[in-house]
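Biologist: I'd like to go through this one label by label and hear what each label rests on. Can you put it up?

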Amino acid sequence: MRTRAEWTYVGIPDLGSLGKRTVLVEWQTFPDQTVDLHFAERLAGELQALGVSPDDDLYFICRSGSRSMAAAMATAAIGYRACHNVGDGFEGPLDDTRHRGSVAGWKAAGLPWLQS
């Protein structure tokens with residue numbers, strides 16, 4: 001649910017140890033943050049190509065957890081029944097010095113990630 005710029009400069013979850021991979025489909029485009037009105041359909045096409053069924057668990061992640069919630073809801077609306085939002089996102093909220101990545105989120109939890 002993050003943008004291509006975020007994937008490139010911030011990183012992505014590394015799911016290799018689970019035998020899974022991150023599916024990269026933008027919810028909003030950089031730099032204007034326009035929501036892709038065809039997001040759910042584009043994601044469904046990617047998932048179908050990977051053999052993912054509408055009953056499989058899908059986890060949505062953005063930088064802080066809000067865009068991914070919207071994307072999960074849009075995907076659920078087209079029939080995917082197990083859409084989950086990663087609440088604190090990839091980098092979590094801002095810390096006291098207004099930086100992300102140390103308070104909560106995927107990276108702060110020490111979960112595996114890659115610089116793409």
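Biologist: What makes E91 and K107 a salt bridge?

Modeller: The closest N and O atoms of E91 and K107 are 3.9 Å apart, and the cut-off is 4 Å, so the pair counts as a salt bridge. Keep in mind that this is a predicted model.

Biologist: Where do E91 and K107 lie?

Modeller: Both sit in the loop between β5 and β6, so the bridge ties together parts that are 16 residues apart in sequence.

Biologist: How many salt bridges does the structure hold?

Modeller: Three. Another is D36 with R42, at 2.6 Å from N to O. D36 has a relative accessible area of 18%, so D36 counts as buried, whereas R42, with 39%, is partly exposed.

Biologist: And what does the bridge between D55 and R81 tie together?

Modeller: The N to O distance there is 2.5 Å. D55 is in the loop between α2 and β4 and R81 in the loop between α3 and β5, so parts 26 residues apart in sequence are tied together. Both of these residues are exposed.

Biologist: On to the rings. What makes W27 and F39 an aromatic pair, and an edge-to-face one?

Modeller: Their centres are 5.2 Å apart and their planes are at 85°. The limits are 6.5 Å for a pair and over 60 degrees for edge-to-face, so both labels hold. W27 lies in the loop between β1 and β2 and F39 in helix α2, so the pair ties together parts twelve residues apart. W27 is buried because its relative accessible area is 12%, and F39 is buried too, at 1%.

Biologist: Which residues make up the other aromatic pair?

Modeller: F90 and W113, also edge-to-face, with 6.0 Å from centre to centre and 85° between the planes. F90 has 0% relative accessible area, so F90 is buried; W113, at 34%, is partly exposed.

Biologist: How do you know that the buried residues of α2 are on the same side of the helix?

Modeller: The buried ones are F39, A40, L43, A44 and L47. They cover an arc of only 125° around the axis, which puts them on the same side of α2. The face turned away from the buried side carries the exposed residues Q48 and A49.

Biologist: What do those buried residues pack against?

Modeller: β4 and α3. The largest nonpolar core has 14 residues, and F39, L43, L47, L58, F60, Y80 and C83 touch the most other members. The elements giving two or more residues to this core are α2, β4 and α3, and α2 gives the most, with five.

Biologist: What makes T75 buried?

Modeller: T75 has 1% relative accessibility, and the limit is under 20%, so T75 counts as buried. T75 lies in helix α3. Leaving aside neighbours within four places in sequence, T75 is in contact with F39, A40, L43, L58, F60, Y80 and C83.

Methods. Residues numbered from 1 in each chain as written. Predicted model: local features only at pLDDT ≥ 70, side-chain atom pairs only at ≥ 80, totals over all residues. Heavy atoms only, no water. Core = buried A, V, L, I, M, F, W, Y, C linked by side-chain atoms within 4.5 Å. Buried < 20%, exposed > 50% of the residue type's maximum accessible area, 1.4 Å probe, protein only. Helix = DSSP H or I, 4+ residues; strand = E, 2+ residues; numbered from the N terminus. Arc of directions from axis to C-beta. Contact = heavy atoms within 4.5 Å. Salt bridge = Lys/Arg side-chain N within 4 Å of Asp/Glu carboxyl O. Phe/Tyr/Trp six-rings, centres within 6.5 Å; stacked < 30°, edge-to-face > 60°.
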